[in-house]
Amino acid sequence: MAKLYFKYGTMGSSKSAQALITKFNYEERGMSVWLIKPAIDTRDGASIIKSRIGLYAEADPINADDDIYAMYVASHRGCDVIIADECEMFTEDNIDQMRRIVDEFNLPVINFGLRADFRTRLFPGSKRLFELADSITEIKTVCACGAKATVNARISPDGKVVTEGAQIMLGGNECYTAMCHRCYVNEQKKGNE
């Protein structure tokens, strides 16, 4: 029985690398993969998924108003798996469409993404995956202090933790760092001094 998967972690926890490795593993066995990402994620190009370690692949960008179910039925019905990166940026409707594909076509859909934003609030796509996924796995990484990182801290150009702003701001190591909650709170206090 196929499942809807949600594999989440903080920034820098190797989510994109694992998505691309998973794609490679399927293709190495002669299977077909439909690789997708939200169109809003243009950081490495409109149709590129790229990891910090240099792995990359072409992916189909999905707009917020696209119907993933209809796209699958029209063009990708022969694939063996759907792999999605940056799933936190998908809409709740997009996640519901993936759920429908799993249920109606017995096709695994594997989502990789962030759990929460820089304010520790769930993204809409992640929230819906927590509600619907059959399998939820944390991809762990560490804070600079050595504890498990759980927060995606947004960092200002002057090196301070930011706690206000738009939920989505594209960026990598220059804008975000993974921290444990204790360090996140301590860095906020330092910024307010």
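Trainee: Where is Thr141 found?

Mentor: Helices (H or I, at least four residues) and strands (E, at least two) are DSSP runs, numbered from the N terminus. Thr141 is found in the loop between strand E8 (135-138) and strand E9 (151-155). This is a predicted model: local features need pLDDT of at least 70, side-chain atom pairs count only at pLDDT 80 or more, and totals for chains, interfaces and linings use all residues. Residues are numbered from 1 along each chain as its sequence is written, and side-chain values use heavy atoms, with hydrogens and water left out.

Trainee: Is Thr141 buried or exposed?

Mentor: Buried means under 20% relative accessible area, exposed over 50%, partly exposed in between (1.4 Å probe, protein chains only). Thr141 has a relative accessible area of 19%, so it is buried.

Trainee: Which residues does Thr141 touch?

Mentor: Contact means heavy atoms within 4.5 Å. Leaving out residues up to four places away in sequence, Thr141 touches Thr10, Met11, Gly12, Ser13, Ala147, Lys148, Ala149 and Ala178.

Trainee: Which residues of helix H2 are buried?

Mentor: In H2 (residues 68-75), they are Ile68, Tyr69 and Tyr72. Seen down the helix axis, the buried residues of H2 fall within an arc of 105°, so they line one face. That arc is taken from the directions from the helix axis to the C-beta atoms. The buried residues of H2 pack against strand E2 (33-38), strand E5 (60-62), strand E6 (81-84) and helix H3 (92-105). The face turned away from the buried side carries the exposed residues Ala74 and Ser75.

Trainee: What sits over the ring of Tyr69?

Mentor: A charge sits over a ring if NZ of Lys or CZ of Arg is within 6 Å of the ring centre and within 35 degrees of the ring normal. The charged end of Arg100 sits over the Tyr69 ring, 3.6 Å from its centre. Arg154 lies over the face of Phe118, at 3.7 Å from the ring centre.

Trainee: How many aromatic pairs does a search of the whole structure find?

Mentor: Five. Rings of Phe, Tyr and Trp (its six-membered ring) pair if their centres lie within 6.5 Å; planes under 30 degrees apart count as stacked, over 60 as edge-to-face and the rest as tilted. The rings of Phe6 and Phe130 have centres 5.2 Å apart and planes at 80°, so this pair is edge-to-face. The pair links distant parts of the chain: Phe6 in strand E1 (residues 4-8) and Phe130 in helix H4 (residues 124-132), 124 residues apart. Phe6 is buried, at 0% relative accessible area. Phe130 counts as partly exposed, at 29%.
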